[in-house]
Amino acid sequence: MSDVVIMGAAETEEIGKLPHVSTLELQVQSGRRALADAGLGLDQVDGIASVSAGGPGPVAVSHALGITPTYVDGTSVGGSSFLFHVRHAVAAIRAGHAQVVLITHGESGRSRVGAAPWARPKDSALAQFEMPYGVLGPPTTFTIPALRFMRETGTTLEQLGQVPVAQRRWSSRNTRAMFREEITVDDVLDARVVAWPFTLLMCCLVTDGGGALVVTSREFAQAHGTDKPLVEVSGTGEAATTPLVSQMEDMSRCTQFELSSRAAFKEAGLGPADIEHLMIYDAFAHVPLFGLEDMGFVGRGEAGAFVADGHTSPGGSLPMNTNGGGLSYTHTGMYGMFAIQESVRQLRGEADAQVDDVETSLVLGNGGMFMSAATLVLTRG
C-alpha cells in the first residue's frame, strides 16, 4: 500500500477547439476543478507544479490561483513533464517538503491564445545539427525511428495502421473525444501522407485543453475525507537521453522507456503481467509499439501483431489508451496529463469507456522525439 495518493483529478470543462480561452485560463480552470474534485480549498495547497510549452509556469499559475507555495516544480522535459511532476511530488511529500501538491496543465495548442510563438534558438543542438538537413518538428523527426523500428522488427505498414484503428474503437465510446467515428486500416493508409510512413491518421491531434491533479499523503486524504476513491502512486521512474533523434543509441528502441519502467515496476513490486490497463503516450502511431516492447509487455517484433490481433482493443487482454489517446481523444502538444487522467478515471470506475475491475494501471509518458520518459504505476486505493 502506497503512502502517497492522487486525491483529486479533473480536466478543463471543454477540450478541443477553444479560441475563447487562454493558456493561463486553462491552467487555472483545471486546477480549481481538481481541487473541487478532491474537496479541498486553495488555502490547503502548499505545493505547485506546472509547465506549458511557451506559456505560464508554476509561479504565474500559483499567483493567478492565489496560492503561495513553499514547494515549486517547473520541470519541463516535453509531454512527459507531468509524470515527472507526480514522481517529484511523491518525493517531496515523503520528505516533508509539501503536504498537498497541485499539478496543473493548460495549453492552447490549437488556438495559440496566450501561447508564445514557436522558436528554435540558433545555437540549439537541433538548429545546428538536424534542421540544416531538413528535419524540423515531430512529423519529420519521428519518421526516422519509426522506419528503423519497422525495418528491425519486421513491423508492417498495415500493423502500424492498426494502432489508430484500435484507439478509435475506444474513442467511439468516449463522449469527450474529438474523433469518434470508427476507422479501418484502409482509411488510415489512404489518408493524406504527412511524412512517410505517417499518414494524417497516424499523427496526433492538435487541440486546446488542460488537466490537473492533487497529490497528497494517504494520511492527509483520509483525515480530510473524500467522496472519490483514492488512487495510489505505487511506482514511479524517469529517464532522459538526448534531445536529438540523430544521437539515439538505437533508433529502434527507446532506452528511457525501459529504464523508467524498470524503476517503476521495482518500486511497485509488480511486473508487466500484473498490469490490467495501459496508457502509452501516442503522439504518433509507432510510439505505443515501442512502449509495448521496451517495457516488456511483448517480445521483440511482436507489438504490431499484438495490436492487430485486438489485444489492446475493447475486450482485449491489455486495454490500452482507452480514452482514444492523442490520436483521437485530444493532444494539446503536451499530452502526458491526459494519459494520467484516464488512468485515474479507470481506477475510480468513472471512464466513459470503462474497463471492468481495473486495479492496476500503468502510464508511460514520452517527451520530445524520444528525449525523456517517465512511468507511473497506479493502483486502486
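**Question time on a predicted chain**

Trainee: How many helices and strands make up the secondary structure of the protein chain?
Mentor: Helices (H or I, at least four residues) and strands (E, at least two) are DSSP runs, numbered from the N terminus. By that count, the secondary structure of the protein chain comes to 14 helices and 11 strands. Keep in mind that this is a predicted model, where local features need pLDDT of at least 70 and side-chain atom pairs count only at pLDDT 80 or more, while totals for chains, interfaces and linings use all residues. Residues are numbered from 1 along each chain as its sequence is written, and side-chain values use heavy atoms, with hydrogens and water left out; so much for the rules, and the tally again is 14 helices and 11 strands.

Trainee: What radius of gyration does the protein chain have?
Mentor: The radius is taken over C-alpha atoms, and the globule rule is 2.2 Å times the number of residues to the power 0.38. For 381 residues that rule gives 21 Å, and the chain comes close to it, so it is as compact as a globular protein of that length, with a radius of gyration of 19 Å.

Trainee: What share of the 381 residues counts as buried?
Mentor: Buried means under 20% relative accessible area, exposed over 50%, and partly exposed in between, with a 1.4 Å probe and protein chains only. Of the 381 residues, the buried share is 59%.

Trainee: Which share of the contacts with a separation of 6 or more links residues 24 or more positions apart?
Mentor: A contact here means heavy atoms within 4.5 Å. Among contacts in the protein chain with a separation of 6 or more, the share from residues 24 or more positions apart is 75%.

Trainee: Is helix H11 enclosed or open, and how many of its residues are buried?
Mentor: H11 covers residues 287-294 and is largely enclosed by the rest of the structure. Its cover includes helices H6, H7, H10 and H12, plus strands E9 and E10. The buried residues include Phe-290, Glu-293 and Asp-294. So H11 is enclosed, and the buried count is eight of the eight residues.

Trainee: Which residue with a positive phi follows H11?
Mentor: Most residues other than glycine have a negative phi, and most peptide bonds are trans. The residue after H11 has a phi near 90°, and its name is Gly-296.

Trainee: Which two residues does the cis peptide bond join?
Mentor: Look in the loop between strand E5 (193-195) and strand E6 (198-199), where you'll find Pro-197. Omega of the bond is about 10°, and the pair is Trp-196 and Pro-197.

Trainee: Which side chain makes a polar contact with the side chain of Ser-372?
Mentor: A polar contact is a pair of N or O atoms within 3.5 Å; within protein, one must be able to donate a hydrogen and the other to accept it, and residues adjacent in sequence count only if both atoms are side-chain atoms. Ser-372 is in strand E11 (residues 372-380), and at 1% relative accessibility it counts as buried. Beyond residues up to four places away, it touches Val-77, Phe-84 and Gln-256, among others. The polar contact spans 2.8 Å, and the partner is Ser-80.

Trainee: How far apart are the C-alpha atoms of Met-337 and Tyr-281?
Mentor: Met-337 is in helix H14 and counts as buried at 0% relative accessibility. Leaving aside neighbours within four places in sequence, the contacts of Met-337 include Phe-82, His-105 and Leu-213. Met-337 and Tyr-281 are 56 residues apart along the chain, and their C-alpha atoms are separated by 9.9 Å.
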